[in-house]
Amino acid sequence: MYDAIIIGAGPAGLMAGIEASKNKNILLIEKNSTPGKKLLITGGGRCNLTNLKSNNDFLNNVDYNKKYLYSTINNFGPKDIYVFFVKNGAILKEEKENQIFPLSNKASEILEILMKNTSKMRINYNEKVINIILHQDYKEIITNKNSYITKNIVIATGGSSFKQTGSDGDNIKFASSIKQPIVPIFPAETSIELEEKLDLAGVSFDNVQVIYQKKNSFGNLIFTHKGLSGTSIMKMSEHIYKNKKKLIYIDLLPDINKEDLIERLNKFDRDKELGTFFSIYFSKRFSSYLINRLNKKSDIKIKQLNSKDILEISSLLKLMNFNVKKVSDLETAYVTGGGIDLKYLDSKTFESKINEGIYFAGEALDVHGPIGGYNITLALSTGYTVGTCIRNKWFMKIIKGLLNIISLYFFFFLVYLLFKYIGTLNWPVFNEAFKFISKIIEKPIINIYAVLTEYNVNILFIVAGSVNVFYNLYQKKSK
Ligand SMILES: Cc1cc2nc3c(=O)[nH]c(=O)nc-3n(C[C@H](O)[C@H](O)[C@H](O)COP(=O)(O)OP(=O)(O)OC[C@H]3O[C@@H](n4cnc5c(N)ncnc54)[C@H](O)[C@@H]3O)c2cc1C
C-alpha cells in the first residue's frame with residue numbers, strides 16, 4: 001500500500017511528490033508520456049516561474065479566494081520558490097513587475113530541476129486515473145492499466161483549459177464521484193471577442209490601460225482576428241466574464257494625460273497631416289484605422305482641425321470604446337477559474353474536510369491569480385503544503401492526539417467544577433449524586449492539576465484545550 005498516490009505531473013503534483021517522498025512511499029500517476037506538458041509552454045516557452053513580490057503584495061494581487069492562501073504562501077511563497085530553484089542550480093533573472101524567468105529563457109530548465117528531485121518516488125507515465133474508490137481504511141485508484149491501494153490521494157490534475165496538455169477537468173469528475181463540492185468553472189486570463197469586425201489582427205501596443213466598469217488593468221494589447229488579447233485584456237477577462245456589460249474602454253496612451261495630448265496636437269506642425277502625428281505613437285496601419293474611425297480624409301492636415309476635432313481625437317486616444325461580444329472559451333484560457341471549493345478543505349493542508357486523506361493542489365483548486373508568475377507559484381506552493389503535510393502526517397497525528405487528551409482533561413476539569421458546585425446546592429435528590437460523582441473524579445483531576453501547577457503549565461493546558469475544542473467545533477460546523 002502506498003502512503004500517497006499523486007494524480008498529475010504538473011508543477012503542483014511534482015512539488016507535492018518531491019516533499020512527500022522525502023520519507024513516504026509515493027506513486028505519481030501521469031497520463032501523458034512525459035511530465036509538465038503545460039509547464040513547458042508557459043510564458044511563451046520561457047516560463048514565468050514566479051515573481052519577487054513580498055508575500056503580502058503577492059496575495060493582494062490575487063483578488064480571489066486569497067483568505068485561504070495565507071498559510072500556504074507563508075509556508076512556501078515566491079521567495080522560497082526562487083531559493084528552491086537557485087539552490088538546485090537554476091540561474092534566474094528578474095524582468096518587469098518582478099517577474100522571474102530562467103536566464104536561459106527555457107521552461108524546460110525549470111521542469112528539469114523539478115524532475116531532478118523526484119528520484120525518491122515512483123512515476124508511472126501513460127497511465128490515466130479513471131476512478132477513485134474510498135474504502136473504510138484505505139483508498140483505491142483505478143487506472144486504464146491497473147488498480148492501486150493507498151492511504152492518501154493528492155488530486156493535482158490541473159484545470160480545464162489547454163486540454164491537449166492533459167488537464168481536461170478530471171478534478172471535477174473525481175470531486176463529483178467522492179461528493180467533494182466544487183465552484184463552477186469559467187475561463188480566466190483569456191482574450192475577448194468584439195462585436196466590431198476590425199481588420200487589425202496583429203497590431204499591438206506595449207502598454208495600454210483597459211477600463212471596464214470600475215476596474216482597470218495595464219499591460220500590452222494585441223488585436224486578434226476576433227477581438228483583443230494581451231496581458232491588459234487577460235487580467236480583465238474574469239471581470240468581463242462575470243459582469244457581462246458590453247462596453248470596454250482602452251486608453252492607448254496611459255503615460256500622457258488628456259490636456260498634454262491636446263497641447264501636443266495644438267503645438268504640432270500645422271502643415272503636417274494628422275496621420276503624421278499619429279505615426280509618432282502608432283503603426284501606419286493603426287493610424288489609418290484611427291483616421292477612418294474619426295471619419296476624416298486620409299490626408300487631412302492639422303490646420304484643418306478645429307478645437308472640437310482636437311477634443312474628439314484626444315478623447316478617442318484616451319478612451320477608445322469597443323463592444324465586447326464574449327470572453328473566449330475555456331479551452332483557450334490560460335487559467336481555469338472555479339474548481340474544488342476551498343470552504344470544504346482545511347486551508348492549512350488542503351485536505352478535504354469531507355473525505356479524510358484526500359488532498360488537492362494547484363489549478364484543480366478554486367484558486368487562480370493574474371498572469372505574471374502567480375499561477376505556477378500557487379501550484380508549487382499548494383503542492384509543497386500538501387506534500388509536507390503528508391510527510392509529517394504521523395507527527396501531526398501525535399500533536400492532534402495530545403491536544404485531544406488535553407481537551408479531555410479540560411472537559412473533565414470543567415465537569416468536576418460544575419458538579420462540585422451543584423453538590424453545594426440544596427437539591428434533595430441530585431445533591432448526593434453530584435457530590436458522589438465529583439468525589440470520584442476529584443482525585444485524578446486534582447492530582448493532575450497539582451502537577452500542572454507545579455510546572456506552571458495549567459494555563460497553557462487550558463488555553464490549548466479550549467483552542468482545540470473550538471477548532472474542532474468549527475471544523476465540524478463547516479463540514
Ligand atoms: C499557454 C499558457 C501559458 C501560461 N503561462 C504561465 C506563466 O508564464 N506563469 C504562470 O505562473 N502560469 C502560467 N500558466 C498557468 C500555469 O501553467 C498553470 O496554472 C499550472 O501549470 C497549473 O499547474 P498544475 O500542476 O495544477 O496543473 P497542470 O500543469 O495542468 O498539470 C496537471 C497534470 O495532471 C495530468 N492529469 C490530468 N488528469 C489526469 C488523470 N486522470 N490521470 C493522470 N494524469 C492526469 C495532466 O496530464 C497534467 O500533466 C500558463 C498557462 C497556459 C495555458
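Reply: Two strands pair if DSSP finds at least two bridges between them. Strands (E, at least two residues) and helices (H or I, at least four) are DSSP runs numbered from the N terminus. This is a predicted model: local features need pLDDT of at least 70, side-chain atom pairs count only at pLDDT 80 or more, and totals for chains, interfaces and linings use all residues. Residues are numbered from 1 along each chain as its sequence is written.

The protein chain is assigned domain 1 (2–186 + 334–391), domain 2 (192–327) and domain 3 (398–472). These bounds come from an automatic or database assignment. The centres of domain 1 and domain 3, taken over C-alpha atoms, lie 44 Å apart.

Now the barrel. Six strands close up in the order S11-S14-S13-S12-S15-S16, and the pairing is antiparallel. On average, neighbouring strands of this sheet are turned by 50° against each other, direction ignored. Such angles are taken between axes, which are lines fitted to C-alpha atoms (for helices, over the stretch in contact); angles run from 0 to 180 degrees between N-to-C directions.

Look at one pair in that barrel. Strand S11 (residues 192–194) runs antiparallel to strand S14 (residues 227–229), and two bridges join them. Glu 193 has Gly 227 of S14 as its bridge partner.

A helix covers the barrel strands. Helix H8 (residues 231–243) lies across S11, strand S12 (204–212), strand S13 (215–223), S14, strand S15 (247–251) and strand S16 (320–327). H8 runs at about 125° to S13.

Next, strand S9 (residues 147–155). S9 has several partners. Strand S1 (residues 2–7) runs parallel to S9, with five bridges between them. There, Tyr 2 is bridged to Thr 150 of S9. Strand S8 (residues 139–143) is joined to S9 by four bridges, in the antiparallel sense. Ile 142 has Ser 147 of S9 as its bridge partner. Three residues sit between S8 and S9, which form a hairpin. Strand S20 (residues 358–360) pairs with S9 in the parallel sense, over three bridges. Val 154 stands opposite Tyr 359 of S20.

There is also an open sheet. Its three strands run S3-S5-S4, with antiparallel pairing. Strand S3 (50–51) and strand S4 (92–94) are the edges, each pairing on one side only. Three bridges join S4 to strand S5 (residues 99–102), antiparallel. Leu 92 stands opposite Pro 102 of S5.

Last, the packed helices. Helix H1 (residues 11–20) and helix H13 (residues 374–391) have axes that come within 7 Å and cross at roughly 30°. H1 and H13 are therefore roughly parallel to each other. Angles under 35 degrees count as roughly parallel, over 145 as roughly antiparallel, 65 to 115 as roughly perpendicular and the rest as oblique. The contact includes Leu 14, Met 15 and Ile 18 of H1, and Leu 380, Tyr 384 and Val 386 of H13. Two residues are in contact if their C-beta atoms, placed from the backbone, lie within 7 Å.

Helix H10 (residues 274–281) and helix H11 (residues 284–293) make another pair, with axes that come within 9 Å and cross at roughly 130°. H10 and H11 are therefore oblique to each other. H10 makes the contact with Leu 274, Gly 275, Phe 278 and Ser 279, and H11 with Lys 284, Ser 287, Leu 290 and Ile 291.
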